[in-house]
Amino acid sequence: MRIIITPLTQLDVVIAYGVWKLRQDVFVVEQDCPYEDLDGRDLEPTTMQVVMLGEAAPDSVSDGGTRVLGTARVLDDGDVWRIGRVALVKGARGRGLSDEVMRAALKYVEDSGDRRDVVLDAQSPLTRWYGKHGFEPDGAEFLEDGIPHTPMRLRRAM
């Protein structure tokens with residue numbers, strides 16, 4: 001398994017397709033939540049794709065024997081960093097791999113050299129998991145596409 005962090009324009013087309021398919025499978029199909037995943041933010045030059053690659057299954061979208069197992073994206077929102085679209089294929093869950101994806105996203109932010117806070121909108125049942133990575137609730141719960149979300153923040157000293 002390996003994790004790559006790169007702008008969308010640097011992703012191999014098959015891997016990019018795998019990222020979008022994973023996000024569609026998790027957020028649209030599995031969670032029964034039709035929404036516009038392709039929101040234009042992936043195309044921003046400062047947006048980074050965090051992609052976990054692993055060994056391909058025979059029926060998976062793959063390139064050269066690799067398969068997209070997990071993903072997240074890191075956005076530069078000006079005064080803060082934003083992490084979103086954190087997802088893992090169903091068959092890879094429960095093994096701590098999502099922690100690796102989150103750690104890679106946070107390492108990218110850390111390596112950027114600035115100390116801006118990191119924010120995200122967690123699906124509310126996952127606030128405890130994000131808390132393991134230092135995030136704290138930072139506002140009132142809200143509904144997005146019928147799913148309860150909690151704004152969270154990782155405070156970093158400026």
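Student: How many aromatic pairs does a search of the whole structure find?

Tutor: The search finds 4 of them, where rings of Phe, Tyr and Trp (for Trp, its six-membered ring) pair if their centres lie within 6.5 Å, and where planes under 30 degrees apart count as stacked, over 60 as edge-to-face and the rest as tilted. This is a predicted model, in which local features need pLDDT of at least 70 and side-chain atom pairs count only at pLDDT 80 or more, while totals for chains, interfaces and linings use all residues. Residues are numbered from 1 along each chain as its sequence is written, and side-chain values use heavy atoms, with hydrogens and water left out.

Student: What makes W81 and Y108 an edge-to-face pair?

Tutor: Their ring centres are 6.0 Å apart and their planes stand at 85°, so the pair is edge-to-face. This pair links distant parts of the chain, since W81 belongs to strand β5 (residues 81-88) and Y108 to helix α2, 27 residues apart. With a relative accessible area of 4%, W81 is buried, while Y108, at 24%, counts as partly exposed.

Student: What makes R116 a charge over the ring of W81?

Tutor: The rule asks that NZ of Lys or CZ of Arg be within 6 Å of the ring centre and within 35 degrees of the ring normal; R116 lies over the face of W81 at 4.3 Å from the ring centre.

Student: How do you know that the span of helix α2 agrees with its number of residues?

Tutor: Helices (H or I, at least four residues) and strands (E, at least two) are DSSP runs, numbered from the N terminus, and the expected span of a helix is 1.5 Å times one less than its number of residues. For the 15 residues of α2 (residues 97-111) this gives 21 Å, and the end C-alpha atoms are 21 Å apart, so the two agree. Among the buried residues of α2 are L97, V101, M102 and V109.

Student: Which residues touch the most other members of the largest nonpolar core?

Tutor: A nonpolar core is a set of buried Ala, Val, Leu, Ile, Met, Phe, Trp, Tyr and Cys residues joined through side-chain atoms within 4.5 Å. Of the 39 residues in the largest one, V74, I83, M102, V118, Y130 and F135 touch the most other members. Elements that each supply at least two residues include α1 (13-30), β4 (66-76) and β9 (147-154), and α2 gives the most, with 7 residues.

Student: Why is E30 called partly exposed?

Tutor: The relative accessible area of E30 is 38%, which falls between the limits for buried and exposed, so E30 is partly exposed. E30 belongs to helix α1.

Student: How do you know that the radius of gyration agrees with that of a compact globule?

Tutor: The radius is taken over C-alpha atoms, and the globule rule is 2.2 Å times the number of residues to the power 0.38. For 158 residues the rule gives a value near 15 Å, and the protein chain has 15 Å, so the two agree.

How values were computed:
Buried means under 20% relative accessible area, exposed over 50%, partly exposed in between (1.4 Å probe, protein chains only).
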